[in-house]
Amino acid sequence: MITGRTRVFGIIADPVHHVRTPQVMNDYFAAHRVDAVMVPLNVARGDVETVLEAVRRLPNVGGLIVTVPHKAAVVPLCDEAGEQARLIGAANAIRRTADGRLVCDMFDGKGFLGGLLAQGIDPKGQRVLLLGAGGAASAIAFALAGHGVAALTIANRTRDKARDLAARVAAAVPSCLATDGPPDPAGHDLVVNATSLGLKADDPLPLDAGALERGTTVAEIIMQPERTALIEAAEARGCRVHAGRHMLDEQIRLLAEFLGADRAEAA
Ligand SMILES: NC(=O)c1ccc[n+]([C@@H]2O[C@H](COP(=O)([O-])OP(=O)(O)OC[C@H]3O[C@@H](n4cnc5c(N)ncnc54)[C@H](OP(=O)(O)O)[C@@H]3O)[C@@H](O)[C@H]2O)c1
């Protein structure tokens, strides 16, 4: 039941009709008896600044989830950005503090890493092949490097983006050997598909599955379908697989915590 005390959260996107976060977050609020609601807000690119200004002036708005195309635009508009948001230059959550300040951070990478750890897969010290160099891949690259992977090979269709991301990761975390390279899984303990390949049934695989070795773990970030062609091919090669939903599950928990909406308020 929404009452005058209910805290309001929004998710800003354009378009917004396809987002699934409100369903998942509202289920989370109900399960944890948090008096809050999340609603979709269709915000055009040119209106982000105005909407954030409005949020500053609405004390019962607790914050926003941010998605395409606003993740980079919100960072300079907030009063404070967390370490991941500063490193990546993009954020997917904004918290409104009691005095109307806006604090943003990025949870894609932490969500992916937390999802792995929750399933008993610890990439610390491992050699990782990261497929993709877009928004999600960038966040995952910094989170894995920060967690202490030994080496990170980044393979992307647009090679310049892989090269640039590897250079930024190497500069931020010198102990991680970050390079760009081909999508060749040989010699890697963990392969992460952070491209959009796998969303559509006729997408090609993001790598040559015949080159996967039995000891390699293959992780997806695609959530729909849950069993992508890559997951099936990796299983057929005898690899351990890790589905994309674990990243979302962990992100929901982290986002609720960041927004201060992870537990019922004391009566
Ligand atoms: N599980 C979760 O919680 C979660 C969270 C965030 C995102 N995701 C999923 O992650 C995927 C990527 O999201 P994003 O925000 O990183 O998107 P993005 O910034 O647009 O990046 C897309 C990436 O996929 C690559 N790519 C796209 N089409 C390709 C093709 N035909 N062949 C080869 N590479 C291709 C792009 O390569 P180029 O650089 O060459 O274009 C880029 O590396 C989405 O499908 C999204 O659903 C999942």
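I started with the largest cavity and found it lined by Leu-197, Gly-198, Asp-203, Pro-204, Leu-205, Pro-206, Glu-220, Thr-228, Ala-229 and Leu-230. Here a cavity is a set of points on a 1 Å grid over the protein atoms alone where a 1.4 Å probe fits but cannot get out, and lining residues have an atom within 4 Å of a point. The largest cavity holds about 30 Å³ of space, the volume being the space filled by probe spheres set on the points.

Note on the source: this is a predicted model, where local features need pLDDT of at least 70, side-chain atom pairs count only at pLDDT 80 or more, and totals for chains, interfaces and linings use all residues. Residues are numbered from 1 along each chain as its sequence is written, and side-chain values use heavy atoms, with hydrogens and water left out.

Of its 34 residues, Phe-112, Leu-130 and Leu-152 touch the most other members. H5 gives the most to this core, eight residues. Domain 1 (7-106) and domain 2 (109-247) both contribute, so the core lies between them; the bounds come from an automatic or database domain assignment.

Last, helix H8, residues 245-258 (helices are DSSP runs of H or I, at least four residues, numbered from the N terminus). I get 10 of its 14 residues buried, meaning under 20% relative accessible area with a 1.4 Å probe, protein chains only. Met-247, Ile-252 and Phe-258 are among them. Just after H8, Gly-260 has a positive phi of about 70°.

Notes
Helices (H or I, at least four residues) and strands (E, at least two) are DSSP runs, numbered from the N terminus. The expected span of a helix is 1.5 Å times one less than its number of residues. Buried means under 20% relative accessible area, exposed over 50%, partly exposed in between (1.4 Å probe, protein chains only). On a 1 Å grid over the protein atoms alone, a cavity is a set of points where a 1.4 Å probe fits but cannot get out, and a pocket is an open set with protein on both sides within 12 Å along at least five of seven lines; lining residues have an atom within 4 Å of a point. A nonpolar core is a set of buried Ala, Val, Leu, Ile, Met, Phe, Trp, Tyr and Cys residues joined through side-chain atoms within 4.5 Å.
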